[in-house]
Structure formats: structure tokens, C-alpha cells
Amino acid sequence: MTGMTVLVVGGGGREHALGIGLAASESVASLHTAPGNAGTAMVGTNHDVSSSDIDGLASLAEELGAGLVVVGPEAPLVDGLADSLRAKGIACFGPHSEGARLEGSKLHAKRVMQSLGVPTGGCIVVEAADEIDAALDLFEAPWVVKRDVLAAGKGVTVTLDRQQAADALARGLESDGFVLLEEHLFGEEASVLVVMDESGYVCLPASQDHKRVGEGDTGPNTGGMGAYAPAPVATPTVLQRVVDEIVEPMHHHLRNQVTPYRGCLYLGLMIDSEGAPRVIEFNVRFGDPETQVTVPLISSDFAELLLACAEGRVSEIEVDFHTHSAATVVLASEGYPASSATGRVISGSEVDLGEGEISGFVHYAGTMFDGSGNLVSSGGRVLAATGIAPDLRSAVGVAYEVMGCIELEGSHFRSDIAYRAL
């Protein structure tokens, strides 16, 4: 493992967080990201290859002599990047295209859960406009409408307004030919990232994401406005139920496929008032911004863990965690999530706060350097201010202290990250 070259695919805050973790691994000699962002350029080398260019990425991995490719986004996994890499003998952290269908098709994921008895919400498939009213009658408000496509976290409509639900169903039918209507699950959300291969699995510390753009979880859904870990709602008792009722049956199923699952299985959970977990969704990769608060809590060699998983031997690896808490607050561009104001100069983000057991720093996402060397915004979620501390309240405080140092015209962020826990 000494002197390993690693290629990370993607260009968001997740990929910068992965890059920081990998760069700190003793087993990594050189780190590369495609296409990357301003942050990944600070910890390795960026390459101008799109995360949608499957052939280009596979060729780049060969040219670099990569010993490991870590795939951040879901789309290249659904499109078969892991298949192409493994066909060339290159270890890939991320499932093959069949395994990636758990995120690529919500209907497929529902059917798998139903066949295994994994707890989840009820669901029906609407296939024609004249079925909409009868379908809405089957569920109580709020209604949950999901498109069966990859939609960057924005393919879900949750509404108390029956007409809005009907309109969302009609749009889904028009664009996709069918659409899912699901039972709304009540409780508190949590995310558990599970590093899984045929030999075993490792559950990372549970986190909680903040999807809505506004304070108190109001406004439209986003790709994530902040997160924290560990999430108190995921008590030891709850986590044991997650393992027994969800992780174990999914692992048994996935390890026995023709091509075993190797990568991260993201569990998006709803924990009810009795502590019972149910699955809202599966993702087939690390979450964003959950990665920003889980990777810093891993104290053992991060690259060693990901390589072991890519090679089907995760059960052989000892994984250790810090006892700290982490919190991250996303800074979004003006207009996000409806639109994004790009090309605006960012200042103050080079801040590095704290000492000893407390640290505060920036995870970069939609950022780049312009022709004059200025750091500028290039996406909707621009960066995230992250704090690490012995307790959650202190971690949140450090994250907001970092955020207070940053200036970006028109930007906005939530001021209530971790409010449920605090």
C-alpha cells in the first residue's frame, strides 16, 4: 500500500472532504481529483475530466496508475464507471451499475426492501393521469411524490396541498411515464453511512442533514444546507435496530449478488417516537454534506478502509473513531436553490481556527480560481464551514465562527444547524 496513487471522482464538498481524509492517510503518496474544485486543488491535483465522462475517467485512472478510484457522485456509478474500472483491474470504491440501481431507481429500491422485509413507507406507482385522484385518496397529507430518476436530491415533492401533489404527479408522468406516491413518514431523520462489501461492513457515526433551505426546516429542498454528527437521535438502541432490521438483511442480499456490492450504502432514515427506524431512501455513495462531518471522525487510516472495501476485504480492517462531534454549515449562492449566482469573489475562507481538540476550517464545493487567481463561486452550494470539538454545542459554535469570517455577495446560510439536538 505504500505510495498509492488515488483518484477521486467529483467536484463538490463531499469530494474535498474525501480528499482531506485521503491526503492524511499514510498509505497515499499522490492524490488526484476529476474534475475537482478549488479545495481539492489544495490537497492534490485536479484534472479537467467530467464526472460524466466514463471512458475519460477510466483512461485517466490508467494513465495515473491509480491504485484506487473513489467515486463521489451517484451518476457515474449508475452509468457503469465501477464496471469499467474493475474490467481494467483498477480497484474502485463504489458499486457496480446493478448495485447502483438502489439509488438510480427508487422503485427498484422499494421492491428490494419489500422483498427483504426492510422497514420503509408504503408506496404505489401512478402510471396514468386518471389514476391521480384515487392515488391521493390512499394516503393522508402530507403527500410524498418521487420521480424514479436521478435528480440531484430535487426529485421529491412533499406537500400538504393536494393540488400541488396532483401537479407534481402530473409532471412526473409527463417527463418519466410513471411516478411514485409514498407514505409520509413522521419522526426525526438520521443518516448512516455504511462501508460495505461481501466480507462485511462498517457503520460510520450517524449524522443528521438539513435538507430545507430555510430556518426550522422550511422552504424548498436542497442538496443539503448543513449536517452534524454523531446525531443524538441515533441512540445505541436505535443503531442496534438499524443494524438488525436494515443493514444485516441488505448486506446478506448484496453480498450474494453475481457481482457483490463494494462501496458506501447510505441509509436515509426516519426514526419515530418509539425509536423504530424506517428507510426513506438508499443512496449508493457518501452523502453531501454528511461526509464533511463523518470523515473527520475516523481516526484510523481512511485510504486503507476504502481500499479494503474496494478489494472485498473490509472485514479484515480495524476502524477507529474519535469521540468528538462535528458540525458543518453550508454557504449557498444568491438565489439558491432556484438559481445560482456564480463568478463572485469569496474572501476570508482561508480561515483555520482552533487549537488542540478544537478545529475549524472550510470544505470547498462550488468554487474555482478565476484567471486572476481569485477564489470565486461556481455553483449553488459554494462551501461549508466545519467545526470539530469535544461536544456538539462547541462544534456548532466553531463552525459559525468560521462562517463569520467569510464574505460572498448575496450568499445565505442557515443559522440553526443542529437545532434539534441542541
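His 251 touches Met 196, Asp 197, Glu 198, Ser 199, Gly 200 and Tyr 201, leaving aside residues up to four places away in sequence; contact here means heavy atoms within 4.5 Å. The residue is found in helix H10 (residues 236-255), and helices (H or I, at least four residues) and strands (E, at least two) are DSSP runs numbered from the N terminus. His 251 is buried, with a relative accessible area of 6%, where buried means under 20%, exposed over 50% and partly exposed in between (1.4 Å probe, protein chains only).

The model is a predicted one, so local features need pLDDT of at least 70 and side-chain atom pairs count only at pLDDT 80 or more, while totals for chains, interfaces and linings use all residues. Residues are numbered from 1 along each chain as its sequence is written, and side-chain values use heavy atoms, with hydrogens and water left out.

Next come the cores. A nonpolar core is a set of buried Ala, Val, Leu, Ile, Met, Phe, Trp, Tyr and Cys residues joined through side-chain atoms within 4.5 Å. The largest one has 71 residues, and Val 69, Leu 102, Leu 265, Leu 267 and Phe 282 have the most contacts inside it. Apart from this core lies another, of 31 residues, with Leu 18, Val 70, Phe 93 and Val 319 among them.

The axes of H1 (residues 13-23) and H12 (residues 302-310) come within 7 Å and cross at roughly 105 degrees; axes are lines fitted to C-alpha atoms, for helices over the stretch in contact, and angles run from 0 to 180 degrees between N-to-C directions. H1 and H12 are therefore roughly perpendicular to each other, a label for 65 to 115 degrees (under 35 is roughly parallel, over 145 roughly antiparallel, the rest oblique). On the H1 side the contact is made by Leu 18, Gly 21 and Leu 22, and on the H12 side by Phe 302, Ala 303 and Leu 306.

As for strands, 4 of them form an open, antiparallel sheet in the order S6-S9-S7-S8; two strands pair if DSSP finds at least two bridges between them. S6 (123-126) and S8 (156-159) are the edge strands, each pairing on one side only. S7 (residues 143-146) and S9 (residues 179-182) pair over 3 bridges, and Lys 146 stands opposite Leu 180 in S9. Helix H7 (residues 106-116) packs on the sheet, touching S6, S7, S8 and S9, and its direction makes about 50 degrees with that of S9.
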